[in-house]
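Have a look at the structure first, then follow along.

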Amino acid sequence: MAEKKTNRRDFLFTATYAVGAVGVGAVVWPMIDQMNPDASVKALASTEVDVSAVTPGKTITVLWRGKPVFIRRRTEDEIAEAKSVSLKDLKHPEKDEDRAKNPEWLVMLGVCTHLGCVPLDQKGDYNGWFCPCHGSHYDISGRIRKGPAPTNMEIPEYKFVDANTIKIG
Amino acid sequence: MSEHEYTPKSKVGKWFNDRLPLLTLANHLTDYPTPKNLNYWWTFGGILTFCLITQIVTGLVLAMHYIAHADMAFESVEHIMRDVNYGWLIRYIHANGASMFFLAVYIHIFRSLFYGSYKSPREIIWIIGIIIYLLMMAAAFLGYVLPWGQMSFWGATVITNLFSAIPLVGEGIVTWLWGGYSVDNPTLTRFFTLHYLIPFLILGLVVLHIWALHVPGNNNPVGIDIKKPSKDTVPFHPYIVIKDGFALLMFMIVFAFFVFYTPNILGHADNYIEANPLVTPAHIVPEWYLLPFYAILRSVPDKLLGVIAMLSAILILAALPWLDTSKIRSAVFRPLYKQFYWILVADVLILGYVGAMPAEGLYLLIARIATAYYFLHFLVVLPVLGFKERTIPVPLSITEPILGGSPNLATVKKKDNI
């Protein structure tokens, strides 16, 4: 058999496939992207919370982006406990100072990093939070200490607008 | 496929059949030669077809009254239960129908495992079956979310979060699945769409499943290849039709018992509480038919590995025709496999039980041992057994053990084994 030479027709086939693939991609992408969060969902990205009624040792739960956010006003003992933990004992080492900039206030997503359940307050082996779904224990800084969750509970972006108001998001 | 050519008797029939051979297909289905020793474990194919059609019909009706919106879904289900004429009946049939569907599919799968129906030349039938099973699990999960109760919401949260275990892109995939930053209205509406779509995908695959079955023909309790048609076979109609029909009636009695006498026993009371994104129920369990896999997920302490273990537990089934190295199909002639088969059945039941229990202490230990054994069965026991096992000689035909002349007298005497 004679050696096959690239001819005009081969070029036309390749060019047609290439343009066709781009066309298919251009049609498929909107079909996929339509499932991502839409403009109205993104518009609800921040929320302001009045925390004046929260006394030390209490936690309130607020809804932000459809997820619960725990706002805990920690007691002196709790802050001391959170700071005393050695980073070597942590599965996901993070200093308490990095998690709670104002140590009295711990603001974090109340979502277990395992599979997204809401952990229960003041439960578990470390007096922090305990996730009832698959048994993850968190300490008073929301750091994972025991169980299947891979990381500490997430800290959302937040700031104190004034002494009594926290803006999340 | 049919051995003989078929010609319709009437002129009109012939005219039509020459243009679209539907009558040839109907004739193939009625005359289809079936092994005459099929026992009642073989009736579950027909029962499953019934289950699928029941789910599609009741589902269509429910969709006429259900409202897929986070603010209205829960109430619209109560509206179906209280206001819609016979709504309670239709919803209870649909909800319990899912459980009945899985009950039947598990019997169907374990029948295959016992009689080696997944082996050559039936691998494609088996793999299509596994895909159908996966789609059934997806449909069941999506459907369970629709009433928007507490179990719906948190079940959806936990299952979609499984994808977050994927490195790098996991979180993005979860947000994409949700259409937001948590399970919410966009999630509900897309789940409804997909729940509506999947049964029709299953229906298409069922056609392929039956088509692939009709190429080699049915396996049978003796597990030998038979000539078709021959004195070892009977036509599908009326012999198998009437046997399937009888078994279906028995099955419908069980089905009706659940629907009319204890319609909520297979569900969870927490799903009669409307979804609340701030409170997770104290004890989340999936529906009973997913419990063994849930137990496997929880028995692994690492998030990603747990998800991988759970998925592998299902996908390993697709490789079964190649993991089982024995040439003998039926467990009747495999004395060791038969024992391991029952150990596997027990293992899966144990996994189901511990899946329903809290993941701690002794339950966790049992779940870990049972998970290890599950994989051991498929990855070690089955491949090794094919080489090591001394099998009992198989008869040359279905009639042989009954009419005598079998090379194996012991099999002839123990007729109840076949």
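Predicted model: local features only at pLDDT ≥ 70, side-chain atom pairs only at ≥ 80, totals over all residues.

Q: Which residue forms a salt bridge with A:Lys146, and how many residues apart in sequence are the parts that the pair ties together?
A: The partner is A:Asp125, with the closest N and O atoms 2.6 Å apart. A:Lys146 sits in strand E8 (residues 144-146) of chain A, whereas A:Asp125 belongs to the loop between E5 and strand E6 (128-131) of chain A. A:Asp125 is partly exposed at 47% relative accessibility. The pair therefore ties together parts whose separation in sequence is 21 residues.

Q: A:Arg72 and A:Asp121 meet in a salt bridge; which of these two side chains belongs to a residue that counts as buried?
A: The N to O distance in this bridge is 3.7 Å, and the pair links strand E3 with strand E5 (residues 120-123) of chain A, 49 residues apart. A:Asp121 has 31% relative accessibility and counts as partly exposed. The cut-off for buried is under 20%, and at 1% the residue that counts as buried is A:Arg72.

Q: Turning to chain B, how many residues apart in sequence are the parts tied together by B:Asp225 and B:Arg329?
A: Their side chains meet in a salt bridge of 3.1 Å, N to O. B:Asp225 is exposed at 57% relative accessible area, while B:Arg329 is buried at 9%. B:Asp225 lies in the loop between helix H9 (185-214) and strand E2 (233-235) of chain B, and B:Arg329 in the loop between helix H13 (320-323) and helix H14 (335-356) of chain B, so the separation is 104 residues.

Q: How many salt bridges are counted between chain A and chain B?
A: Over all chains the count comes to 14 salt bridges. B:Lys119, B:Asp324, B:Arg334 and B:Glu389 are linked in a network of them. Between chain A and chain B there are 10 residue pairs in polar contact, but the salt-bridge count there is zero.

Q: What area is buried between chain A and chain B?
A: The contact takes 26 residues from chain A and 26 residues from chain B. A:Met35, A:Leu115 and A:His134 supply 27% of the area that chain A buries against chain B, more than any other three residues. Carbon and sulfur atoms give 65% of the buried area, which is about 2,300 Å².

Q: Which residue of chain B is joined to A:His134 by a polar contact of 2.8 Å between side chains?
A: A:His134 is found in the loop between E6 and strand E7 (136-138) of chain A, and at 8% relative accessible area it is buried. Its side chain also makes a polar contact of 3.3 Å with the side chain of A:His114. Among the residues that A:His134 touches are B:Val158, B:Tyr294 and B:Arg298. The one joined by the 2.8 Å polar contact is B:Tyr294.

Definitions and conventions:
Residues numbered from 1 in each chain as written. Chains lettered and ligands numbered in written order. Heavy atoms only, no water. Contact = heavy atoms within 4.5 Å. Buried area = accessible area lost by both parts, 1.4 Å probe. Salt bridge = Lys/Arg side-chain N within 4 Å of Asp/Glu carboxyl O. Polar contact = N/O pair within 3.5 Å; in protein donor to acceptor, adjacent residues only side chain to side chain. Helix = DSSP H or I, 4+ residues; strand = E, 2+ residues; numbered from the N terminus. Buried < 20%, exposed > 50% of the residue type's maximum accessible area, 1.4 Å probe, protein only. Lists of a residue's contacts leave out its neighbours within four places in sequence.
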